[in-house]
Amino acid sequence: MTSRSRAVATFFAVAMATTLLAAFFQSQIRRPQTAEARAIEAAAPMATPANGTPLTLDTFRNIVKAKNAGVVNITVSSKPKATRGSRQLPFPFFQDEDPLGPNQPNQRSGGSGFIIDADGTILTNRHVVDEADQINVTLDNGKRYDAKVLGKDARTDIAVIKIEPKETLTVLELGDSEAAEVGDWVMAIGSPFGLGNSLSVGVVSGKGNVSRNISLGQQGTGIDMLQTDAAINPGNSGGPLLNTQGRVIGINTLIITQGSAQNAGVGFSVPINTVKAILPQLKSKGKVIRGWLGVSIQSASEDLALTFGRSTAQGVIVSDVTKDSPAGKAGIELEDYIYEVDGRLVTNNSSLTNYIASLSPGTTVTLKLIRAGAEKSVRITLGTFPEGDTPAASNDRDDDAESEEKAATNLGLELQTLSSTLRTRMDLPDGLKGVVVRSVEAGGAAELAGLARGDVILMVSGEEVSSVKEFNAAVRKAASAKVARLRVRRGETVIVMGLRLDR
């Protein structure tokens, strides 16, 4: 080979090597994507939730296509009732879904529901169909059926209704609400404001203890609920909360608002496991028969637990005892601190109420409690849980009530002795004694304890107070404990609070 030939061969070899090397490096550099390339990449799984279902951009779309037909719109008609004008739902922060207001002819209200059996069995909320004279169910395809109530339960606000279908129905599968975790994606389907089935998407915002103070039906029988930020509005009540597998994990039930009837990002659903536990009784008996103690209780805060010599926020405190109830007959008293039932640790309100509700009437249980610093064991034979609504709390607060005595304290509240005039204006029972909270200072110990304007303080650390002077004396007496235990009447409910004295 001549020198010229060798030079040409070398040139082509170098050129080829340069081209291959450039191609390699170019493959490592991310080029701007076309819209099609971006769509292909976006379709790849975004995440794998705890339930094991890959979440893609098509997940919500596919679930709606498959499950939407299983969600129904419920329309209720009621004849005017003389007492309806004063009727209130058992949860004060839920907006009544009756758009015509009280005492109107041919009252109509609405909600949602979903099909759980091909025979036409439907789950919804009790408050959607309660007091209904006629119930109509409209399917996603526009077909309309009359419905009848098979059963309803005040404690969980659940109702089972039934239609007689002439077609094949889409049945929604019930999932496992216990498996749901905070942060899991969820979907709410329902008919907000009567607009027909629509979808909102969010996550499980909280579960268990975050909602232990929410009470449905009878006082002191609050149930743990699932909290979600998926938009829930009037009309969504009774609709399903679905996980990314398309299974129902909750029944959308209520919202917390600040005076507006629209969603504020805080909604609650009854866990489907709670519903599954009572469904057989609802279908066969029309109601749920539960064991009943006959007490109103509240979970103990750390401050309250300290007043009983406990260092952790566990246990429950008795805030009211129903007259002639099993608890009343057994000698349970106000402010008893219950920490164990049948050898089970009572951690909060729900742990006791759920256990009692799981037992049959006539069952005998053993409670361990603390009263006046002494531990006691009390045996109680359970009664039957009564159906009915919680009496509506009084919202009467008189800004112009005459003040016989005022006291501004370092606890961040202003008090007034409950006079006969003020008692009448606030519609309080005759003979009730206590001091009224006139104002609460932002950030003060009183606000941190949960006190609010209009509360009536009845007792301080076991001592009755009928004047501001007596209140101040009782607080000074409790100062060494650093926490005062207050018995407070709010509306028609009595609650217990722990007021820090060392802040």
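This is a predicted model: local features need pLDDT of at least 70, side-chain atom pairs count only at pLDDT 80 or more; totals for chains, interfaces and linings use all residues.

1. The protein chain holds 11 helices and 27 strands. Of its 503 residues, 47% are buried.

2. Surface and contacts. The protein chain has an accessible surface of about 24,000 Å². Carbon and sulfur atoms account for 51% of that surface. Among contacts in the protein chain with a separation of 6 or more, 62% join residues 24 or more positions apart.

3. The second largest pocket. This pocket contains about 530 Å³ of space. Its lining is made up of 25 residues, and those closest to the centre are R155, N273, T274, A277 and N354. Two or more lining residues come from each of the elements β8 (198-208), β9 (225-228), α5 (272-285) and α8 (349-357). Which element gives the most to the lining? That is α5, with 5 residues. Sorted by class, the lining of the second largest pocket comprises 11 nonpolar, 9 polar and 5 charged residues.

4. Helix α3. In this helix, which spans residues 59-67, the buried residues are T59, F60, I63 and K67. Viewed down the axis of α3, these buried residues fall within an arc of 90°, so they line one face of the helix. The list of buried residues includes K67, a point to look at when inspecting the side chains.

5. Positive phi at A372. The phi angle of A372 is near 55°, which is a positive value in a residue other than glycine. A372 sits in the loop between β18 (364-371) and β19 (374-381). Is A372 buried or exposed? With a relative accessible area of 83%, A372 is exposed, because the cut-off for that class is over 50%.

6. Positive phi at S461. A positive phi is also found at S461, near 50°, again in a residue other than glycine. The loop that holds S461 runs between β24 (456-460) and β25 (463-464). S461 has a relative accessible area of 32% and counts as partly exposed, since that class lies between the limits of 20% and 50%.

7. V436 in strand β23. V436 belongs to strand β23, residues 435-440. Its relative accessibility is 4%, so V436 counts as buried, the limit being under 20%. Leaving aside neighbours within four places in sequence, V436 is in contact with E414, L415, Q416, L418, L422, M426, G454, D455 and V456. V436 and S419 are 17 residues apart in sequence, and their C-alpha atoms are 9.4 Å apart.

8. I135 in strand β4. Strand β4 covers residues 134-138 and includes I135.

Technical notes: Residues are numbered from 1 along each chain as its sequence is written. Side-chain values use heavy atoms; hydrogens and water are left out. On a 1 Å grid over the protein atoms alone, a cavity is a set of points where a 1.4 Å probe fits but cannot get out, and a pocket is an open set with protein on both sides within 12 Å along at least five of seven lines; lining residues have an atom within 4 Å of a point. Grid points are joined across faces, edges and corners, and a volume is the space filled by probe spheres set on the points. Helices (H or I, at least four residues) and strands (E, at least two) are DSSP runs, numbered from the N terminus. Ala, Val, Leu, Ile, Met, Phe, Trp, Tyr, Cys and Pro count as nonpolar, Asp, Glu, Lys and Arg as charged, and the others, Gly among them, as polar. Buried means under 20% relative accessible area, exposed over 50%, partly exposed in between (1.4 Å probe, protein chains only). Contact means heavy atoms within 4.5 Å. Accessible areas come from the Shrake-Rupley method with a 1.4 Å probe; for residues, only the protein chains shown count as cover. The arc is that of the directions from the helix axis to the C-beta atoms.
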